Amino acid sequence: MSRFKSDFLRTLDERGFIHQVSDEAGLDQLFQKEMVTAYIGYDPTASSLHVGHLTQVMMLRWLQETGHRPISLMGGGTGMVGDPSFKEEARKLMTIETIEENIASLKRIFANYLDYDRPGNGAMMINNADWLRPLNYLEFLRDVGRHFSVNRMLAFDSVKTRLDREQSLSFLEFNYMILQAYDFVELSKRHDCRLQMGGSDQWGNIINGIDLGHRMGTPQLYALTSPLLTTSSGAKMGKSASGAVWLNAELLPVYDFWQYWRNTEDADVERFLKLFTLMPMDEIARLAALGGAEINEAKKTLATEVTAVLHGRAAAETAAETARKTFEEGALAADLPSIAIPAAELEAGIGLLSLIVRAGLAASNGEARRHVQGGAVRINDTPIGDERALIGSGEVTSDQVIKLSLGKKKHILVRPS
């Protein structure tokens, strides 16, 4: 039985999203009483979010699903500084042009999770550059900076960690927590935003904003954080052997995204169904009860449902069918990820190790060599043990492709161009 009465907090509690809440009773009462506006901030440091961001994105989705208003705050201003939280060194500074391009790309991803046109509680995408870039430095120091104690700021874990390691922390980065706190105050004044959400590593920064709001006369503000997620084996969410698991299909094909979730560890299936799908809790309980080989059906459902929210139901089902043909029938599915290689190169022949790297199945020739020596590499389903083998036009099948495989689950189609 959930300790919360409001739909939103009860949903988050049941599904495992809640790590800390600043005032549980007060926030629960607020959600019962009125439509609440809440936000999560994202600095546009890349053109895409990755799976590690998905917990917070789904919190915004559930906020809107339960009748409240989500704000996806873009850090067009704070992105010029860079969040120092638990980073070993300063982020590389970005130009305004790069920041704007990244924000435009991120909005396309958010539009898959949030409805910006919904009557009554449409989501909002707001850029903190609107109020941070025009700031007058002296006025800001006088009106906002005076509320911050350097002693207290030095005690923050995110700052203390850097200083304890004797790693440089620039004055620019030191200002970040003031700017983030100020965002909360501005959103409260402009949009009656009462709640900031984020990962558990942001707790101190969010509390900073609540304190600043109290000093600057806002209504009571609230904080809610989610646990930082790792897989059961301790791996960080959002990373795979071949790199980040991006939410942008241009950076990671839909099939590869589906496959990432299909490869979920058995112990994580129930938790991930709760966090990353919109499935009813009773259906999740049924799938979680499956054992033995049947757990694979639950993993396929997880993969399809997570993919459907991001890329659409049709794309998710295509990815599932591609996997079924590839693994269950042993057929060549035309929807597998592919790379184009000039026909002239294939005529001359390409070294196997080079081809593996170009296909993204290994980061270096050394890694590719280990895969070959371990018997994991196949061409057109035939194992290849010679690391010096040349792959060329002779391997092109009647389907006009070469099927390059690593292990049982990674396949790339090489297409002559």
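## Pairing around strand E15

How many bridges join strand E9 to strand E15, and do the two run parallel or antiparallel? In this predicted model, strand E9 (residues 338–341) and strand E15 (residues 410–416) run parallel and are joined by four bridges. Isoleucine 341 has proline 416 of E15 as its bridge partner.

E15 is also joined to strand E14 (residues 402–406), in this case by five bridges and with the two strands running antiparallel. Leucine 406 is bridged to lysine 410 in E15, and the hairpin that E14 and E15 form has three residues between the strands, with glycine 407 taking a positive phi near 65 degrees.

## The six-stranded sheet

An open sheet is built from six strands in the order E1-E6-E5-E2-E3-E4, and its pairing is mixed. Its edges are formed by strand E1 (20–21) and strand E4 (124–127), each of which pairs on one side only. The pairing of E4 with strand E3 (residues 69–74) is parallel and extends over four bridges; within it, methionine 74 has asparagine 127 of E4 as its bridge partner.

## Helices packed on the sheet

Helix H2 (residues 24–33) packs on this sheet, where it touches E1, strand E5 (193–199) and strand E6 (222–226), and the direction of H2 makes about 100 degrees with that of E6. Helix H11 (residues 203–215) likewise packs on the sheet and touches E1, E5 and E6, but the direction of H11 makes about 170 degrees with that of E6.

## The crossing of H12 and H15

Helix H12 (residues 254–262) and helix H15 (residues 295–311) have axes that come within 8 Å and cross at roughly 140 degrees. Since an angle counts as roughly antiparallel when it is over 145 degrees, H12 and H15 are therefore oblique to each other. The crossing in which H12 passes H15 is right-handed.

On the H12 side, the residues that meet H15 are Val254, Phe257, Trp258, Trp261 and Arg262. Their counterparts in H15 are Asn296, Lys299, Lys300, Leu302, Ala303, Thr304, Val306, Thr307, Leu310 and His311. Sorted by class, this contact of H12 with H15 has eight nonpolar, four polar and three charged residues, with Trp258 and Trp261 of H12 and Leu302 and Val306 of H15 among the residues that meet there.

How values were computed: Residues numbered from 1 in each chain as written. Predicted model: local features only at pLDDT ≥ 70, side-chain atom pairs only at ≥ 80, totals over all residues. Heavy atoms only, no water. Axes fitted to C-alpha atoms, helices over the stretch in contact; angles between N-to-C directions. Parallel < 35°, antiparallel > 145°, perpendicular 65-115°, else oblique. Left-handed = near helix turned anticlockwise from the far one by under 90°. Contact = heavy atoms within 4.5 Å. Nonpolar A, V, L, I, M, F, W, Y, C, P; charged D, E, K, R; others polar. Pairing = 2+ DSSP bridges.
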